[in-house]
Structures are given as structure tokens and as C-alpha cells.
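Colleague: Could you take me through this model? I would like to begin with the overall fold and then turn to details.

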Amino acid sequence: MADSSGYKEYLAGLIAGVATVGIGHPFDTVKVKMQKHNTSAQGITYRNSLHCTARVLRTEGIKGLYRGATSSFVGMAFESSLLFGMYSQMKQSLQGSAQGVGPQPQVIIPSAAYSGAVISFILCPSELVKCRMQIQGTDSVVPMSRRYGSPLDCALTTVKNDGVRGIFRGGFTTLLREGIGNSVFFSVYEYVRYYMHLQLRSASPDHRNLIDVGVGIASGGLGGIAFWLAVLPLDVAKTIIQTTQDKNSSRNPFHILSSIYRSAGLKGCYIGLGPTIVRAFPANAAAIVTWEVAIKLLGIKRD
């Protein structure tokens, strides 16, 4: 997939991460608020994602949808840098001399799963801060005395009250989500990209850049949707684990999902599906297109 370009692959991933947050964070805020409120016995229950979005915009304006974005920008920048960089280099290493023969599941899945597992250690604390900031504001059930003034205040207070272990609350669930989700994402991305290019290989060279962008949008967007369809229940469990005020509550995602399933059925395990899918296509399409453009500009060779 790439030559030994070292830092360039990580730089391309970092740029892709910034693009992802810029486009996707408002949808993520709606998803998190719905997951928190619609699984809790306290506070308002949102009818749908539009109801949630309208309430946030009416009371806080557009800045309410970007609540927690600071930690998300930092986390996603480093996460995407490592994810795309490690995936590219591990995939190249596993392929060896078999590069250019089409997608290989035995190469894609371990490369993606390993990269996803590693980035979960960065994502867990940044997402804990992001989620705790996002559930403040409109319709929040968090008492005013326990609200955070900024993402930094949230991180420092969490460490002070709960120790380092507290900032990594939900780590196992995040690892599962990222390992499984990225295996699905990169599998769909690689196959869609390969077969679309195969179908369009006879197109005029004059339209090559336009075709590359179109393929990037489709492969990235479909990969993003597949990611979230596969792991949204784990994300629901992660949100509950990371935002609970009870230090002694369960951190077992399967125990939490079992409880949700008993009370709300399969639909309860997929709370926030609407804004998640609406976000998944444009955010991941932007990430892939930005990544691929950055790869070209940085002079990295691809298979």
C-alpha cells in the first residue's frame, strides 16, 4: 500500500483526522446525548435525532453541537495519524511481494484490528472527556455543581477523583469497538475501492483525479457505515460506562447491553443509529478523500 515513507503516512492520517472531526462532531454530539438520555430513567427522552438537534440549537446555538470538540480534535488527530500510519505499514509488511494482487482479508483484517486496538488507548481518555462534556448543556441531568468548565478541567478532575484508572474507564469496550470496527471499515474500504477502480479503469486519464475523489467518497462513506452498523451496540455501552456518575457501576459492556436488551430490545442497543449513520458517510468519506489527497501530495506510492 505504501513505501517506507515513515512519518509521511502518519502526517496524512493526522490531516484526515482533523477533517473527520470538523464534519462529524455535531452528529456525534447528538448521538451521545441520545445514548445517555434515552437509556436513563432521569431527564428528557428524545423522540429522534432531529428533536435532539433542535433542542440543542434552540438553547445553545451551533456551539452546543461542538461541545467537547477540543478533546475530539486532539484525540482524533493522533488517533487517525496512528491508525492510518500503522495500518499502511503493517499491510505493506504482511503483503510482501504479493502487492498489487487485490484485497487480501488475511492481510487487511490483522492490520486493521491491530491498529484499532493500539489507538483505543488514545481514544479512550479523549472520548471519555468528549462524552462527559457533550452530556452537559441542553437537558443535562448532571448537577451544576458537578459540571466541568472545559475539557482540561474534565480530565484533571477525573484523574483527581478517580485516579489514572478513571480516565481510562471504558477502555476494554473501546478496544473491542476499535478492533472489530476498523477490521470491518478497512475491509469494506479496500474491496469497494478495488472493484470501483476495476470498473473505471477504462475511463479517460483526464478525469482520473475526479474519479479518485468519487471512489474515495464511496469507499470511505460505505466503510464508515459498515463500521458503525457492526459496533454501535458497543458504543452505546461505552457511552453509558464513561458518563455514569456511579464509580461502582458495571464496566462490562455485555452486562450493560444485556440489561438494555431486556428493557428496550434490539432497538435499545442501537440508540443513536440515525445521527450515527448520517454522520458516518460524510465524515469517513472526508477522512478517506483527505488521506488519499495527502498521500499524493506527500509523494507516497500506493498499490
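This is a predicted model: local features need pLDDT of at least 70, side-chain atom pairs count only at pLDDT 80 or more; totals for chains, interfaces and linings use all residues.

Colleague: How many helices and strands does the chain have?

Modeller: There are 10 helices and zero strands. Along the sequence the pattern therefore reads α-α-α-α-α-α-α-α-α-α.

Colleague: What radius of gyration does the chain have, and what would a compact globule have?

Modeller: The chain has 20 Å. A compact globule with 303 residues would have a value near 19 Å, so the two agree. Taken along the principal axes, the C-alpha atoms fill a box of roughly 60 × 35 × 35 Å.

Colleague: And what share of the residues counts as buried?

Modeller: Of the 303 residues, 50% count as buried.

Colleague: What does UniProt list under "repeat: Solcar"?

Modeller: The unreviewed UniProt entry lists residues 4-93, 103-195 and 211-297 under that name. In the model, residues 211-297 are 86% helix and 0% strand, and the end C-alpha atoms of that span lie 17 Å apart.

Colleague: Which residues does the annotation "transmembrane region" cover?

Modeller: According to the unreviewed UniProt entry, the annotation covers residues 65-87, 107-124 and 210-231. The span 65-87 is 87% helix and 0% strand, with 31 Å between its end C-alpha atoms. For residues 210-231 the figures are 100% helix and 0% strand, and the end C-alpha atoms lie 32 Å apart.

Colleague: Which residues lie nearest the centre of the largest cavity?

Modeller: Those are T20, M76, E79, W228 and R279, from a lining of 27 residues.

Colleague: Which helix gives the most to that lining?

Modeller: Helix α4 does, with eight residues. At least two lining residues come from each of α1 (7-37), α4 (69-95), α5 (105-134), α7 (171-199), α8 (208-243) and α10 (273-297).

Colleague: How does the lining of the largest cavity divide by residue type?

Modeller: The lining of the largest cavity has nine nonpolar, 10 polar and eight charged residues.

Colleague: What about the second largest pocket: what is its volume, and how many residues line it?

Modeller: The second largest pocket has a volume of about 360 Å³. Its lining has 18 residues, and R132, R146, N161, D162 and K247 lie nearest the centre. Helix α6 (residues 151-167) supplies the largest share of this lining, seven residues. By type, the lining of this pocket has one nonpolar, seven polar and 10 charged residues.

Colleague: On to the cysteines. How many disulfides does a search of the whole structure find?

Modeller: The search finds zero disulfides. C131 is in no disulfide, and the nearest cysteine sulfur, that of C124, is 9.7 Å away.

Colleague: Is C131 buried or exposed?

Modeller: C131 counts as buried, because its relative accessibility is 1%, and the cut-off for buried is under 20%.

Colleague: Why is the sulfur of C269 too far from the closest cysteine sulfur for a bond?

Modeller: The closest cysteine sulfur, in C131, is 17 Å from that of C269, whereas a disulfide requires the two sulfur atoms to be within 2.5 Å. C269 also counts as buried, at 6% relative accessibility.

Colleague: Some single residues next. Where is W291, and is W291 buried or exposed?

Modeller: W291 is in helix α10. The residue is buried, with a relative accessible area of 1%. W291 and H207 are 84 residues apart along the chain, and 19 Å separates their C-alpha atoms.

Colleague: And where is F172 found?

Modeller: F172 is found in helix α7. At 49% relative accessibility, F172 counts as partly exposed, because exposed means over 50%. F172 and F121 are 51 residues apart in sequence, with a C-alpha to C-alpha distance of 9.3 Å.

Colleague: Last one: where is S150 found?

Modeller: S150 is found in the loop between α5 and α6. S150 counts as partly exposed, at 27% relative accessibility. From S150 to V129 the C-alpha to C-alpha distance is 9.3 Å, and the two are 21 residues apart in sequence.

Key:
Residues are numbered from 1 along each chain as its sequence is written. Side-chain values use heavy atoms; hydrogens and water are left out. On a 1 Å grid over the protein atoms alone, a cavity is a set of points where a 1.4 Å probe fits but cannot get out, and a pocket is an open set with protein on both sides within 12 Å along at least five of seven lines; lining residues have an atom within 4 Å of a point. Grid points are joined across faces, edges and corners, and a volume is the space filled by probe spheres set on the points. Helices (H or I, at least four residues) and strands (E, at least two) are DSSP runs, numbered from the N terminus. Ala, Val, Leu, Ile, Met, Phe, Trp, Tyr, Cys and Pro count as nonpolar, Asp, Glu, Lys and Arg as charged, and the others, Gly among them, as polar. UniProt positions are given in the numbering used here, feature names are shortened, and annotations may be inferred rather than shown by experiment. Buried means under 20% relative accessible area, exposed over 50%, partly exposed in between (1.4 Å probe, protein chains only). The radius of gyration is taken over C-alpha atoms; the globule rule is 2.2 Å times the number of residues to the power 0.38.
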